[in-house]
Amino acid sequence: MDSTQNKTTFDELVSGISAEERNFLLAKINKSKEQDILILQSSREIEDAGYLDAKYKTEPLLYKLFLWIRSLITKKNVNDLYNVDLVADLARKINKNHPGLIDHRNNLILSLFYEKLKELKNCADFFKPYFTAVNENSGKFYVFLSSFIAPEISEQIAKDADPYTIPFEREATSELRTSLLKRLDGILKNIGQNSRAKLYAAVRSIEWLRQFSELPYLHFIAQFTSLISNSYTCPYLNAQPDFPAFAKVLQSASSISKEALQAMFLYPHRNSLRSGGLDTESEKALNEFSIKSASCISMIQMFITTVPFYALGKVVFGDYDWQCDSQGGGEDWFVKYKEEWKCIFDSRWNSWLRDRKKSQLAAVLQRTFGIDSFPELPDRPWTRLWGGLPFNCEMTAGFLWWFAANKFNDAMYVLNTIVLEGVFLNKENRTELSEAVNDFVDANQQILSLADSLSENGSIGSVFEKLINEHVRTLKGQQNVDSIIINSESSVRFCGQLFCSATRTIEKIFHGILDDGKTGDYESLQNLMTIKGRENREFRDKMAEIRSVLNISRSILADIEPLDLPRE
């Protein structure tokens with residue numbers, strides 16, 4: 001395999017796009033001079049550090065005496081009274097610095113918070129769809145992300161641990177596979193500190209955004225009721241179930257790089273990106289995403305800056321010692337990252353084994369039929385649709401079509417002559433040969449019909465052309481294409497089975513006719529030495545040639561079959 005083509009294939013397996021396309025996208029992404037979109041940590045200027053007990057020790061003696069007297073009168077614990085005072089003081093500070101958020105006297109969260117919460121939901125709704133693909137296989141996304149954040153990692157793996165760096169002439173042993181895996185493991189273990197830190201920061205920021213998008217906005221918003229037009233309030237008690245989840249995420253906000261955000265946008269479309277970069281529509285969508293995501297991040301940043309969520313939590317729960325859990329997630333990213341690289345390696349190893357076998361078969365084709373490359377169907381429209389779709393019978397279909405186009409007529413000349421002019425010592429052999437020839441004809445005609453239907457104006461090819469020109473991947477279109485491909489694969493497999501079954505029977509007939517040692521019920525022709533008259537010698541040589549061609553062809557199809565099984 002050409003090294004340039006092989007490198008591109010590796011890049012596309014890792015990220016869905018080639019290195020050139022990735023560089024093009026990075027150039028688009030980095031047009032702006034700003035390197036990061038930052039989310040500020042929430043301000044705690046109105047909060048006191050420490051816990052209630054520690055703060056109590058710093059209070060003046062006169063105030064402590066006042067609390068003690070109140071405790072005697074109200075028969076309440078001093079700590080409880082002190083907690084109420086501290087929470088009330090926090091509420092006053094919140095009302096002073098951030099008016100309109102709460103009505104502490106009536107234990108209500110007010111309409112301003114409600115409006116800001118709806119704005120947050122709009123931001124979450126914008127980002128949430130992009131996590132559908134990410135959540136399906138986070139390890140695969142991390143590898144895709146690393147191709148943008150730290151492309152040098154995949155470049156080193158491609159150079160030092162890719163099976164395609166090994167020539168096909170080398171024997172495929174378990175020791176060879178193990179040595180490549182050790183190289184891969186060594187590269188991953190020794191990722192540079194700077195690259196690892198950038199990757200981890202990007203993973204953490206994406207994980208934070210995922211958790212932000214999955215907060216229970218609808219449930220929290222539903223706790224607000226309107227007693228007066230356009231004025232929504234929520235009792236503290238009703239807010240308590242959802243408040244910790246929001247506080248946990250919003251108190252742990254982190255910066256998000258543009259590369260990480262746009263990798264998230266591109267990830268679902270990685271397999272449909274056209275060679276040479278983005279088309280006009282995709283580039284427009286990318287730009288719109290960039291603008292909208294920047295706007296959403298700014299809105300989140302504004303919320304965190306203007307709503308003292310940590311202090312508000314103490315007020316809502318009426319507990320000065322209230323703490324929200326620390327936000328986590330993404331800690332196992334490197335495990336998933338390594339696992340996905342192992343999966344990529346396994347895929348590359350299996351592909352290398354297949355291509356190695358294909359190379360060996362190509363050598364047989366070259367020696368036997370003078371073909372320089374493995375034959376393909378003349379039209380393969382699935383390769384041009386949506387960035388290319390898999391067809392699991394490429395090699396079988398290609399070889400069957402080549403045989404039907406180049407060897408079928410020669411074989412039929414010999415077979416028809418034997419059926420029509422041969423005098424069989426065992427008449428049942430003629431009947432069996434006739435049936436086998438009919439199957440042989442059916443197999444070849446069906447593959448030629450399939451090839452015709454795949455042409456641009458054919459019944460199948462025209463469907464693909466219509467979808468290619470529409471530039472839209474719909475569910476209905478996907479289902480239609482899946483059905484066509486499955487049916488076409490079934491047709492190819494049937495043709496291959498029919499071809500092999502027919503040629504096995506034909507070989508038994510040839511064995512009885514041409515070989516000295518007869519076995520079973522197959523016998524020779526009474527007129528073997530006179531058939532075709534003066535051309536008898538040439539015809540007998542032609543029989544031997546066609547016999548060899550059919551046996552080699554059947555052997556090639558048998559070797560192709562495991563190579564044409566669906567790839568995992």
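1. Glu545 is partly exposed, at a relative accessible area of 38% (buried is under 20%, exposed over 50%, partly exposed in between, with a 1.4 Å probe and protein chains only). Its side chain meets that of Lys542 in a salt bridge, 3.7 Å from N to O (a side-chain nitrogen of Lys or Arg within 4 Å of a carboxyl oxygen of Asp or Glu). Lys542 and Glu545 both sit in helix α24, residues 536-563. They are 3 residues apart, about one turn of the helix.

2. A note on the basis. This is a predicted model, in which local features need pLDDT of at least 70, side-chain atom pairs count only at pLDDT 80 or more, and totals for chains, interfaces and linings use all residues. Residues are numbered from 1 along each chain as its sequence is written, and side-chain values use heavy atoms, with hydrogens and water left out.

3. Overall make-up. The chain has 24 helices and 6 strands (DSSP runs numbered from the N terminus: H or I of at least four residues for helices, E of at least two for strands). Of its 568 residues, 48% count as buried. Take the contacts with a separation of 6 or more: residues 24 or more positions apart account for 79% of them (contact means heavy atoms within 4.5 Å).

4. Salt bridges. The count comes to 20. One of them joins Asp162 and Arg348, at 2.7 Å from N to O. Asp162 lies in the loop between α9 (151-160) and α10 (174-189), and Arg348 in helix α18 (residues 333-369), so the pair ties together parts that are 186 residues apart in sequence. Both ends are buried: Asp162 has a relative accessible area of 2%, and Arg348 has 3%.

5. Arg380 and Glu394 form another salt bridge, with the closest N and O atoms 2.9 Å apart. Arg380 is in the loop between α18 and α19 (394-406), and Glu394 is in helix α19, 14 residues apart. Glu394 counts as buried at 19% relative accessibility. Elsewhere, Asp89, Arg92 and Lys93 are linked in a network of salt bridges.

6. Helices α19 and α24. Their axes come within 9 Å and cross at roughly 160° (axes are lines fitted to C-alpha atoms, for helices over the stretch in contact, and angles run from 0 to 180 degrees between N-to-C directions). That makes α19 roughly antiparallel to α24 (under 35 degrees is roughly parallel, over 145 roughly antiparallel, 65 to 115 roughly perpendicular, the rest oblique). The crossing is left-handed (near helix turned anticlockwise from the far one by less than a right angle; right-handed if clockwise). From α19, the contact uses Met395, Thr396, Phe399, Leu400 and Phe403. From α24 come Val549, Leu550, Ser553, Ile556, Leu557, Ile560 and Leu563. The residues divide into 10 nonpolar, 2 polar and no charged (Ala, Val, Leu, Ile, Met, Phe, Trp, Tyr, Cys and Pro are nonpolar; Asp, Glu, Lys and Arg charged; the others, Gly among them, polar).

7. Helices α8 (residues 138-149) and α15 (residues 258-266). They pack at about 130°, with axes 10 Å apart. That makes α8 oblique to α15. Here the crossing is right-handed. Phe141, Phe144, Leu145, Phe148 and Ile149 of α8 meet Glu259, Ala260, Ala263, Met264 and Leu266 of α15. By class, this contact has 9 nonpolar, no polar and 1 charged residues.

8. Thr132. This residue lies in helix α7, residues 131-136. Thr132 counts as exposed, at 51% relative accessibility. Thr132 and Arg210 are 78 residues apart in sequence, and 10.0 Å apart in space, C-alpha to C-alpha.
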